[in-house]
Amino acid sequence: MNKTIRNIGIGLFLAGAAFQIKELVEKESISSTATTTDEAYKQAQQELTEVKKQLAELQLDLNAAQQVQTVAPNETAETETPEEQAPTAASMTLSIEVGMTSSEISEKLADAGIILNKVDMDNYLSDQGLAGRVQVGNYELNSSMSLKQIAETITR
């Protein structure tokens, strides 16, 4: 009977050891998968940041090209008919108050004709991390300024 009890005890010990080994092996494989997922997530975040920067640069280039395109036809019209006066660049004093969002600021600029598209300005401020750095105050702005110049002026 002692031998039977000893054999049962040894069997339980071995079964417990086998279950413990199995659990350790499974945890290691899960943690290595999680590490790979974390690394892939970090890499995807870096790629997203780079794409956002490229998009912001493309938006600036597009806005500059649109401004050049709108200025170029006016210059041709001036050379053909000197009696007509060239349209002046729109200008305004932008008053930024406490609590204003970048969307509200962009809308004011678009309504005044300083920028062509309020969404482009709002996206530029967000993508460049400048939306939270806008300073309260009054700023002299005009339509010949690029989005970058406007952003630099209002975030000083």
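This section describes the fold, the surface and the local packing of the chain. The model is predicted: local features require pLDDT of at least 70 and side-chain atom pairs pLDDT 80 or more, whereas totals for chains, interfaces and linings use all residues. Residues are numbered from 1 along each chain as its sequence is written, and side-chain values rest on heavy atoms, with hydrogens and water left out.

The secondary structure consists of four helices and two strands, where helices (H or I, at least four residues) and strands (E, at least two) are DSSP runs numbered from the N terminus. Along the sequence these elements follow the order α-β-α-α-β-α. Of the 156 residues in the chain, 19% are buried; buried denotes under 20% relative accessible area, exposed over 50%, and partly exposed the range in between (1.4 Å probe, protein chains only). Among contacts with a separation of 6 or more, 60% join residues 24 or more positions apart, a contact being defined by heavy atoms within 4.5 Å. Accessible areas were computed by the Shrake-Rupley method with a 1.4 Å probe, and for residues only the protein chains shown count as cover.

Helix H1 spans residues 2–80 and contains Phe13. Phe13 counts as exposed because its relative accessibility is 62%. Together with Ile10 and Leu14, Phe13 forms a nonpolar surface patch with about 340 Å² of accessible area. Patches are made of residues with over 30% relative accessible area and no salt bridge, like charges being joined within 9 Å and nonpolar side chains (Val, Leu, Ile, Met, Phe, Trp, Tyr) within 5 Å. A salt bridge is a side-chain nitrogen of Lys or Arg within 4 Å of a carboxyl oxygen of Asp or Glu. Lys53 also lies in helix H1 and, at 42% relative accessibility, counts as partly exposed. The C-alpha atoms of Lys53 and Gln128 are separated by 7.3 Å, although the two residues are 75 residues apart along the chain.

Helix H2 covers residues 102–111 and includes Ser102. The buried residues of H2 are Ser102, Ile105, Ser106 and Leu109. Viewed down the axis of H2, these buried residues fall within an arc of 100°, so they line one face of the helix; the arc is that of the directions from the helix axis to the C-beta atoms. The buried residues of H2 pack against strand E1 (91–96), H3, strand E2 (137–142) and helix H4 (147–154). Ser102 counts as buried because its relative accessibility is 12%. Not counting residues up to four places away in sequence, Ser102 touches Asp122, Leu125 and Ala131. Ala110 is found in helix H2 as well, but is partly exposed, with a relative accessible area of 25%. Leaving aside neighbours within four places in sequence, Ala110 is in contact with Ile115 and Lys118. The C-alpha atoms of Ala110 and Met121, 11 residues apart along the chain, are separated by 9.0 Å. Just after H2, Gly113 adopts a positive phi of about 80°.

In helix H3 (residues 118–127), the buried residues are Asp120, Met121, Asp122, Tyr124 and Leu125. At the start of H3, a side-chain oxygen of Asn117 comes to within 2.9 Å of the backbone nitrogen of Val119. Polar contacts are pairs of N or O atoms within 3.5 Å; within protein, one atom must be able to donate a hydrogen and the other to accept it, and residues adjacent in sequence count only if both atoms are side-chain atoms. After H3 comes Gly129, with a positive phi near 70°.

The buried residues of helix H4 are Leu147, Ile150, Ala151, Thr153 and Ile154. They cover an arc of only 160° around the axis, which puts them on the same side of H4. Thr155 is placed in the segment after H4 and is buried, with a relative accessible area of 10%. The side chain of Thr155 reaches the backbone oxygen of Ala151 at 2.6 Å. Thr155 also touches Leu130, Arg133, Val134 and Gln135, not counting residues up to four places away in sequence.
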